[in-house]
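Please look over the sequence and the model first, then read the points below.

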Amino acid sequence: MAKRRDITEKLSFDENPCLTIKGKDIEVNADAPTVLKAMGIFTSEDTGADDIVTIYDLIFPEKSKKKLEALKPSFNDLIIIIEEAIMLITGEEAATGEQ
């Protein structure tokens with residue numbers, strides 16, 4: 001029989017984290033495949049508007065997108081939201097304004 005090791009207890013299958021904007025919780029997809037895809041696009045030197053849309057579609061579930069659309073952020077604000085979401089899901093240093 002081949003060796004086998006159960007690592008289930010070492011893993012975390014927590015719920016997705018949320019950003020809070022104007023009192024609304026915006027869920028961010030934090031599963032590894034999504035994060036890896038988003039990071040691959042985000043760290044590219046020639047990230048353009050199409051890439052921002054792709055990342056937006058990857059990291060925000062439909063319910064979160066509807067909440068964001070209701071807030072009507074500017075494009076620059078949307079970029080900040082995406083950057084903050086990526087920092088949240090990758091565990092990078094917290095940005096200003098986090099509680």
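Threonine 34 is in contact with Asn29, Leu58 and Ile59, leaving aside residues up to four places away in sequence. This threonine belongs to helix H1, which covers residues 32–42. The model is a predicted one.

**Threonine 34**

- Threonine 34 has a relative accessible area of 11%, and it counts as buried because the limit for that class is under 20%.

**Helix H1 against helix H4**

- The axes of H1 and H4 come within 11 Å and cross at roughly 130°.
- H1 is therefore oblique to H4.
- The crossing of H1 and H4 is left-handed.
- On the H1 side, the contact is formed by Val35, Met39 and Phe42.
- On the H4 side, Ile82, Glu83, Ile86, Ile89 and Thr90 take part.
- Sorted by class, the contact of H1 with H4 has six nonpolar residues, one polar residue and one charged residue.

**Helix H2 against helix H4**

- Helix H2 spans residues 49–59 and helix H4 spans residues 75–90.
- H2 and H4 pack at an angle of about 50°, and their axes are 11 Å apart.
- This angle makes H2 oblique to H4.
- H2 and H4 also cross in a left-handed manner.
- H2 contributes Ala49, Ile52, Ile55, Tyr56 and Ile59 to the contact.
- H4 contributes Phe75, Leu78, Ile79, Ile82, Ala85, Ile86 and Ile89.
- The contact of H2 with H4 has twelve nonpolar residues, with no polar and no charged ones.

**The aromatic pair**

- The structure holds one aromatic pair.
- The pair is made by the rings of tyrosine 56 and phenylalanine 60, whose centres are 5.6 Å apart.
- The planes of these two rings stand at 55°, so the pair is tilted.
- Tyrosine 56 is buried, at 12% relative accessible area.
- Phenylalanine 60 is buried as well, with a relative accessible area of 1%.

**Proline 17**

- Proline 17 sits in the segment before strand E1 (18–21).
- Its relative accessibility is 23%, and proline 17 therefore counts as partly exposed.
- Proline 17 and alanine 30 are 13 residues apart along the chain, and their C-alpha atoms are separated by 7.1 Å.
- Not counting residues up to four places away in sequence, proline 17 touches Ile26, Glu27, Val28, Ala30, Leu88 and Ile89.

- Most residues other than glycine have a negative phi.
- Lysine 22 has a phi near 50°, which is a positive value in a residue other than glycine.
- Lysine 22 is placed in the loop between E1 and strand E2 (24–27).
- With a relative accessible area of 73%, lysine 22 is exposed.
- Lysine 72 has a positive phi too, near 50°.
- The loop between helix H3 (62–71) and H4 holds lysine 72.
- Lysine 72 is exposed, at 70% relative accessible area.

Methods. Residues are numbered from 1 along each chain as its sequence is written. This is a predicted model: local features need pLDDT of at least 70, side-chain atom pairs count only at pLDDT 80 or more; totals for chains, interfaces and linings use all residues. Side-chain values use heavy atoms; hydrogens and water are left out. Axes are lines fitted to C-alpha atoms, for helices over the stretch in contact, and angles run from 0 to 180 degrees between N-to-C directions. Helices (H or I, at least four residues) and strands (E, at least two) are DSSP runs, numbered from the N terminus. Angles under 35 degrees count as roughly parallel, over 145 as roughly antiparallel, 65 to 115 as roughly perpendicular and the rest as oblique. A crossing is left-handed if the near helix is turned anticlockwise from the far one by less than a right angle, and right-handed if clockwise. Contact means heavy atoms within 4.5 Å. Ala, Val, Leu, Ile, Met, Phe, Trp, Tyr, Cys and Pro count as nonpolar, Asp, Glu, Lys and Arg as charged, and the others, Gly among them, as polar. Rings of Phe, Tyr and Trp (its six-membered ring) pair if their centres lie within 6.5 Å; planes under 30 degrees apart count as stacked, over 60 as edge-to-face and the rest as tilted. Buried means under 20% relative accessible area, exposed over 50%, partly exposed in between (1.4 Å probe, protein chains only).
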